[in-house]
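I opened this notebook to record what I looked up in the model. The entries follow the order in which I consulted the structure.

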Amino acid sequence: MYNNKTGKANVVTWRHYSNKGYSAFASLGKQIRIGVLAAATLATVTPVRAEIRSMAAQETQGEERQLEEVTVSGSMAPLTQLQAARIVSVLSREEIAEAGAQSVNDLLKSATGVDVRQRGSFGIQTDISIDGGTYEQVTILLNGVNISNPHTGHLAADFPVSIQDIERIEVLEGAASRVYGGQAFGGAVNIVTRSDKENSVGVGAEGGSYGTFQADGRLSWTKGRVSSRLSGGGGRSDGGTLNDAWSKGQLYYQGDLSDERLDLRWQFGFSRKEYGANTFYGGSSNDQWEQNERYLISVGAETKGRLHLQPSVYWNRTYDNYQWHKGTPNNSHEADVYGARLGAHIAWWAGRTAMGAEVRNEGIMSSSLGTPMEEKDYVWAHGAEKQYTKHANRTNISYNLEHDIILRHWTVSAGVLANMNTAVDNKFRFYPGVDIAYRPTRQWKVYLSYNKGFRLPSYTDLYYSSPDITGNDQLKPEVNRSLSIGATYSLRGLQLMARGFYNRGHNMIDYVKEQPDDAAHADNFDLAGLGAQAEAQIDFPQLTHSNVFLRRLRIGYTYIHQSRKGRYDIFTSLYADDYLRHKLVASLRHRIYGKLTATWSVRVQKRMGAFQVYDGLTATDQLQAYHPYATLDLRLQWTDKRYEVYAQGTNLTNHRYQDLGNIPQPGIWIMAGARWNIRF
């Protein structure tokens, strides 16, 4: 077990490995031994670190300890799952392989507390929110690196990785600013990529409905203490609805070096896509078009010993070219984010203490967003026949402090974020939080959390203007107070979770219309919301200790109710009022014959709010409520050590539905493909 006085762990021999539905906001960072198999994993660039601890009781003095769980929590200092004081949901590598999703964004649809509002097929255009929030209120991380976009949250989910690159997806629900800073207003989503320690090459291809084709490849190699992984891919489709054609490509590289004193990690990502944007940015044009490019680089390290130092630097750039009518350049943007962070944590007799400091600069040059530039400073836009004539810039400085007290049955984790932003008033504001966990037995844990979060308006919120939408440069930062209570029960083969939450938001940002013929404009309002969530997962082979026909069953349900308080009456809201009242997800995997398996997935949703009805491209004074809908997906898969062959269908009932008003989603979509993996 972990020694609080020395800050070190004993070597643990694993006789049982359990791939449970828990994890952390970082990948593992200690050398481990499973039976006689030695392995090491990569610690990612994040203020959260993972460690491995034995969770089973010793039945005799000399008996080797058995590991039942491997997990940590979303805190600044590493905590084992037994000690963790917050609930973290995860989609594991095995669940991702079974899901049959066509994109990273599609995978998040199976997360119970996550709302994925899809604007096009294959997750090409997607908004992600948590616990009834909006798409701007979630921090998106790639291996712990904040890749959230200050330009707009609509581009936050542009990942430079494919599904095959992912080890797991982690979701922390509720305000998390004290750990992750600004934008972690309603929660955080972390994409953790695979860090293979083997020399291998893999390729895959798939094709199907609407002229859709995708292909990808990866190469992993290790030489001495350095491990690397390179992957890339691309695809195209005619799209399943009006003006929904797309093409995309991505490239991703990550590496790590580990020795007795230091772990060093680095990553580079690139993605490019262009697509028809349907009527997303306004119902009065149905031939909108958009092109995005993203570049990201990060380097981070962690020292070993009693005091752990964790320096990291990162940069990401996004190009966006948007056309209200395809073929006519409209808006062009170039957003840059630079950041540097220094974190540290130490274990001592009073518990574990962690601290951190970060500087993050967010800038944009644009043809439409920001304040006017002098003419001599105009710059030709990347990939468009436009000039950047406006700009904006802000710097965020933050300091984190957290302390964890760990007792036999209790964990108390308390901390505070001090934050200052040059775009507000250059004053520090404080965002505290406390998480408490009580463990009456090894199987049960009860949680209670209170956290305060904030979010700055995006540059689109402040400055955007179109025939249908206008920003507001007088917007105030959003503030959220989040209270959560929950419990988990864990037994070999069975996982149960239930939680309730209450959010109180002040100066929340939404786009509203006061009259039917108005342009939607951004404004602040107050919002109160409460909800409940429950999940159950059964691993039948573990539960029955036999190779049974049924493999895995997972069921989750979320209920949310919100109450809005504004300064005036509105005709309609574009985002904040359109939250999910009910979401039910269920999946069942079973064996058919030999290595052939089937995975069935059901999703049932009821969205609140209503959208304005259009007569062709003309807005009417009529509102239409969102209808509840259900989708059924199936994946058939034959899996061998070196290859897999699969066929899958999404929305098998061919149900037509809308996640966003006036943007119908595709009906049934059939894909088939194969993958090969060779070690060398």
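I began with a bridge pair: Gly529 has Gln562 in S33 as its bridge partner. The model is predicted, so I note that local features need pLDDT of at least 70, that side-chain atom pairs count only at pLDDT 80 or more, and that totals for chains, interfaces and linings use all residues. Residues are numbered from 1 along each chain as its sequence is written, and side-chain values use heavy atoms, with hydrogens and water left out.

S32 pairs with strand S33 (residues 550-565) in the antiparallel sense over 14 bridges. Strand S31 (residues 494-513) is also antiparallel to S32, over 17 bridges, and Arg504 stands opposite Ala528 in S32. The two are joined by a hairpin through six residues. With strand S29 (residues 469-470), S32 pairs in the parallel sense over two bridges; here Thr470 stands opposite His521.

Why do I call S32 largely enclosed by the rest of the structure? I found that 14 of the 20 residues of S32 (residues 520-539) are buried, buried meaning under 20% relative accessible area, exposed over 50%, and partly exposed in between (1.4 Å probe, protein chains only).

**Salt bridges**

I counted 40 salt bridges, each a side-chain nitrogen of Lys or Arg within 4 Å of a carboxyl oxygen of Asp or Glu. Asp131 and Arg499 form one, with the closest N and O atoms 3.2 Å apart. This pair links distant parts of the chain, 368 residues apart: Asp131 lies in the loop between strand S8 (126-130) and strand S9 (139-142), and Arg499 in strand S31. Both Asp131 and Arg499 are buried.

I also looked up Arg168 and Glu170, whose side chains meet at 2.5 Å, N to O. Arg168 is buried at a relative accessible area of 13%, and Glu170 is buried at 0%.

For Arg272 and Glu293 I noted a salt bridge of 3.2 Å, N to O. Arg272 counts as partly exposed at 31% relative accessibility, whereas Glu293 is buried at 9%.

**Confidence**

I checked pLDDT, the predictor's confidence in each residue from 0 to 100. The chain averages 86, and 89% of the residues score at least 70. Over residues 1-72 the pLDDT is below 50.

Methods. Helices (H or I, at least four residues) and strands (E, at least two) are DSSP runs, numbered from the N terminus. Two strands pair if DSSP finds at least two bridges between them. Contact means heavy atoms within 4.5 Å.
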